[in-house]
Amino acid sequence: MAWKNSLTQMCRFLLLEILLLPYGMMSSVLTVNGKTGNYILTTQRGFQESLKCAVQNHTREEELLWYREAGTVDLKSENKINSSSVCISSISENDNGVTFTCKLQSNQSVSVSVVLNVTFPPLLSGDDVQTAEEGSDVQLVCNVKSNPQAQMMWYKNNSILNLEKNHHQIQQTSESFQLSITKVKKSDNGTYSCIATVSETNKTKDFHLIVEDKSVAVPIEPIIAACVVVFLTLCFGLIARRKRIMKLCIKDQDPHSATAL
């Protein structure tokens, strides 16, 4: 009897597997450009890319959604059912790292994402001319964008900058390359070049530093005090003079003050 029970249970198990098999086989699958998983698309600035999303193993008409980051992409009605394409034209450095995602409208947990990896040469910017007073602190900020990340160097008057301890300091982030000069001297005058190198390609941005003579500090407080004293002196003088004039006028108008002949 035991072997009969085991056989019965095995048959039930096989029957259940057979019944569930079509559901597993027919579950909808998304692909983007033929890929079923998330992936990185490497492209270049100025290129155009097309992303085609399609539903596989669907048993009914499926509507598709496209997202650019968290925002939806507007699609025409004929570009939504079972297959949908988006075109990314005039790709720029600002598209680097942007994610495009295709989802099933009926089950948005089914999705495929594509991350753009946009390669582009270094783009440098910053203030061309900076004027500083002798003894002040200066920061020359070279804004840089590149993919892949560039190797950065500072030059002065076409030669590698000789960094002086406690006088020069360099700070680098993913978007800037900064040279700080503490207590600038006349000898710091010159042209500083920010040079970015990627795959033997160099990009240069020049910064002109003009160090002016230290201005003589004007003693503001003593000047203000002297002005206040002069002003008060003039006020007191005017008041005293007014009192004298008033006394003379009163004396002239008094008939008893006239001298008898």
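Colleague: How many helices and strands does the protein have?

Modeller: Start with the whole predicted model. The protein runs to 261 residues, and buried residues make up 27% of them. Its secondary structure comprises two helices and 16 strands.

Colleague: What share of the contacts with a separation of 6 or more comes from residues 24 or more positions apart?

Modeller: Take the contacts in the protein with a separation of 6 or more. Then pick out those between residues 24 or more positions apart. Their share is 62%.

Colleague: In what order do the strands of the open three-stranded sheet lie?

Modeller: Strand E1 (29–32) and strand E6 (83–88) each pair on one side only, which makes them the edge strands. Neighbouring strands are turned by 15° against each other on average, direction ignored. The pairing is antiparallel, and the order is E1-E3-E6.

Colleague: Over how many bridges do E3 and E6 pair?

Modeller: Strands of a sheet pair through backbone hydrogen bonds. Strand E3 covers residues 49–56. E3 and E6 pair in the antiparallel sense, and the count of bridges is six.

Colleague: Which residues of the largest nonpolar core touch the most other members?

Modeller: This core has 22 residues. The residues that touch the most other members are Leu 30, Val 32, Leu 51 and Trp 66.

Colleague: Which residues is Val 32 in contact with, leaving aside its neighbours within four places in sequence?

Modeller: Val 32 is one of the core residues that touch the most other members. Set its neighbours within four places in sequence aside. Val 32 is then in contact with Tyr 39, Leu 51, Lys 52, Cys 53, Trp 66, Cys 102, Val 112 and Val 114.

Colleague: How many residues does the other core have?

Modeller: Another core lies apart from the largest one. Among its residues are Ala 150, Tyr 192, Ala 196 and Leu 209. The number of residues is 20.

Colleague: How far apart in sequence are the parts that Cys 53 and Cys 102 tie together?

Modeller: A disulfide joins Cys 53 to Cys 102, with an S to S distance of 2.0 Å. Both cysteines are buried. Cys 53 lies in strand E3 and Cys 102 in strand E7, so the pair ties together parts whose separation in sequence is 49 residues.

Colleague: Why is the disulfide of Cys 142 and Cys 194 left-handed?

Modeller: This disulfide has an S to S distance of 2.2 Å. It links distant parts of the chain, 52 residues apart: Cys 142 in strand E10 (residues 138–147) and Cys 194 in strand E15 (residues 190–198). The link is left-handed because the torsion about the S-S bond is about -80°.

Colleague: Is Gly 71 buried, exposed or partly exposed?

Modeller: Gly 71 lies in strand E5 (residues 71–72). Buried means under 20% relative accessible area, and exposed means over 50%. The value for Gly 71 is 32%, so Gly 71 is partly exposed.

Terms used
Residues numbered from 1 in each chain as written. Predicted model: local features only at pLDDT ≥ 70, side-chain atom pairs only at ≥ 80, totals over all residues. Heavy atoms only, no water. Pairing = 2+ DSSP bridges. Helix = DSSP H or I, 4+ residues; strand = E, 2+ residues; numbered from the N terminus. Axes fitted to C-alpha atoms, helices over the stretch in contact; angles between N-to-C directions. Core = buried A, V, L, I, M, F, W, Y, C linked by side-chain atoms within 4.5 Å. Buried < 20%, exposed > 50% of the residue type's maximum accessible area, 1.4 Å probe, protein only. Contact = heavy atoms within 4.5 Å. Disulfide = S-S within 2.5 Å.
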